[in-house]
Amino acid sequence: MIYLTFSQRKFIKETIEILSIFCPEVKTLIKEKIKEIKKLDKNKFQKGEIFFSYIFSLRYPVLNKKLAALKNYKVPWNLEFDEDNYSFKDEIKNIINQL
Amino acid sequence: MKRKIVFIKKYDYGRGVFDLGEYVISYASSCHLGCEYCYLKFAKTPKEPVIYENIEVLEKELTQLFLENKAQNFYFNLGETTDAFLSEKHIETIDKISEVISFLAEKYDKRIFLELRTKTDNILKFPSLNKRKNIFYIYAISLLPEEGITNFERNTASLEKRIESIKKAQKLSYFIGLRFEPIIVYPVLGITYEKVIKSLKGLIISYNKILEKISSILDFDLLHSISLGTLRLTKKQYKYLKEKKSKLAFFEMVLSPDKKYRYSRPIRVYIYQELIKSLKEIFGEKIVNKIYLATEFTYIWKACNLPLKSIVQLLG
C-alpha cells in the first residue's frame with residue numbers, strides 16, 4: 001500500500017498525462033517503480049513520499065536537481081523569486097540561474 | 001464594426017513582470033493564422049478577424065493620452081490583438097490611424113513608435129505605409145526555427161520568407177524589431193535531465209543559425225530592438241494543450257507569480273543567456289542596449305545581466 005494525499009494523486013495523474021505526450025513508455029516505467037516501492041520495508045506513508053518524490057523528479061528533471069542542491073536553504077520550490085531579498089543570495093545565485 | 005470598449009490600453013504585463021511601457025492599440029481583433037499557443041482563442045474576441053471603423057473614438061483617446069502624459073516618446077503595439085499584416089485592410093487601417101496619430105503627435109510634440117508585429121511575409125505584396133511626421137514604424141517580425149513554425153504556426157510564413165521580408169522593410173526605411181517570441185523548447189528529445197539538456201542545446205544551435213542568417217542581411221542602423229521571450233501559457237491554455245496532447249505542454253513548466261505557466265527558471269535563464277551571448281558575438285557588446293526580455297520578471301533580467309530598460313528607451 002502506498003499512501004498519497006488527494007493533491008498528490010491529482011499531481012501524479014496530471015504528470016503522467018503530460019509526460020505521456022513526450023514519452024509513451026512512461027506508464028510502464030512508473031508501474032515498475034510502484035512494484036519496486038511496494039517491496040520496500042517501509043510504512044505506507046514513507047512509501048507514498050518515495051513515490052511522490054520519484055514522480056516529482058520525472059516531472060521537473062532540472063528543478064529537481066536544483067532543489068537537491070538547495071536543500072539547506074528555504075526558498076520557493078518553483079525558484080520564482082528575487083534572490084536579492086534573501087541573505088544567502090550569493091550562495092544560491094549560481095545554483096538557481098544555471099542549468 | 002464599431003469598437004465598444006477603449007482602443008488604447010497600457011499593456012497588461014501581469015504581476016511582477018517588468019513594465020516595458022508600451023501601449024496596445026486594438027484597432028482590430030482576432031486572427032486567422034491559428035498559432036497553437038495563441039491566447040486569442042481564449043480571449044473574448046470575435047471568432048473571425050474584424051477591423052473597427054470608429055477611429056474618431058481612438059482620436060479622442062489619443063488626444064487625452066497626449067494631454068495627460070508629459071512623456072515625449074510613445075510606443076504603440078499594433079500587433080497584439082491581431083497580426084498587423086493580416087490583410088490589406090489591416091494595413092490600410094494602420095495607415096489611416098498613422099495619419100491621425102501623426103497629426104496629434106505634431107500638435108502635442110510627441111514622437112511615436114508604431115510596432116507592426118507579424119508572422120507573415122505580406123509586406124512583400126501589400127502596399128507600403130505612407131511616411132508621416134513624428135511617426136517611426138517598427139517592422140517587428142516574429143522569428144523561430146522552421147520546425148517550430150511548421151508544427152505550431154501552421155498558417156504563417158516560413159522562416160526564409162520572414163527573413164526575406166526584413167529586406168523589404170529595410171528598403172522602406174522601417175526600423176526592424178527582431179522578435180524571438182515565443183521561444184519554444186522543441187523538439188523535446190526525451191524526459192530525462194540529460195535529454196532535456198540536449199534538447200536545450202539543440203534549440204540554441206537552431207537559433208544561432210537564424211542569427212547568422214539575419215546578420216548577413218540586417219542593416220544595423222535600422223535595428224530598433226531584439227526581444228527574447230519564452231513560451232508562456234495561461235492555466236486554461238496549459239490544460240487545453242495537455243488535453244490535446246500538444247508538445248507545447250512541456251512538463252517542466254511552473255506557475256509564475258503572474259499565474260502563467262513558464263519553463264522553469266534555470267531553463268529560461270539558460271536560453272536567454274545563451275542567446276544574448278550569441279547576439280554579442282555576432283553584433284558586438286553594444287547590442288545589449290537593444291535587447292529586452294518580453295514579459296519577464298525583474299529577477300530574470302538581473303540573472304541575465306541585462307540592464308532594465310523600457311521599450312521607449314530603445315529609440316533605434
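Axes here are lines fitted to C-alpha atoms, for helices over the stretch in contact, and angles run from 0 to 180 degrees between N-to-C directions. Helices (H or I, at least four residues) and strands (E, at least two) are DSSP runs, numbered from the N terminus. This is a predicted model, in which local features need pLDDT of at least 70 and side-chain atom pairs count only at pLDDT 80 or more, while totals for chains, interfaces and linings use all residues. Residues are numbered from 1 along each chain as its sequence is written, chains are lettered from A and ligands numbered from 1 in the order in which they are written, and side-chain values use heavy atoms, with hydrogens and water left out.

**Stop 1: H4 and H5 of chain B**

Select helix H4 (residues 159-171) of chain B together with H5(B); their axes are 10 Å apart and the packing angle is about 25°. H4(B) and H5(B) are therefore roughly parallel (angles under 35 degrees). Their crossing is right-handed, meaning that the near helix is turned clockwise from the far one by less than a right angle. Show the side chains in contact (heavy atoms within 4.5 Å): those of H4(B) include B:Leu159, B:Ile163 and B:Ile166, and those of H5(B) include B:Ile210 and B:Ile214.

**Stop 2**

**Stop 3: an aromatic pair**

Rings of Phe, Tyr and Trp (its six-membered ring) pair if their centres lie within 6.5 Å; planes under 30 degrees apart count as stacked, over 60 as edge-to-face and the rest as tilted. The whole structure holds 34 aromatic pairs over all chains. B:Phe180 and B:Tyr207 form an edge-to-face one, 5.9 Å centre to centre with 70° between the planes. B:Phe180 lies in strand E8 (residues 175-183) and B:Tyr207 in H5 (residues 193-217), so the pair ties together parts 27 residues apart in sequence.

**Stop 4: a ring cluster in chain A**

Select A:Phe11, A:Phe52, A:Phe56, A:Tyr60 and A:Trp77, which ring pairs link into a cluster.

Conventions
Angles under 35 degrees count as roughly parallel, over 145 as roughly antiparallel, 65 to 115 as roughly perpendicular and the rest as oblique.
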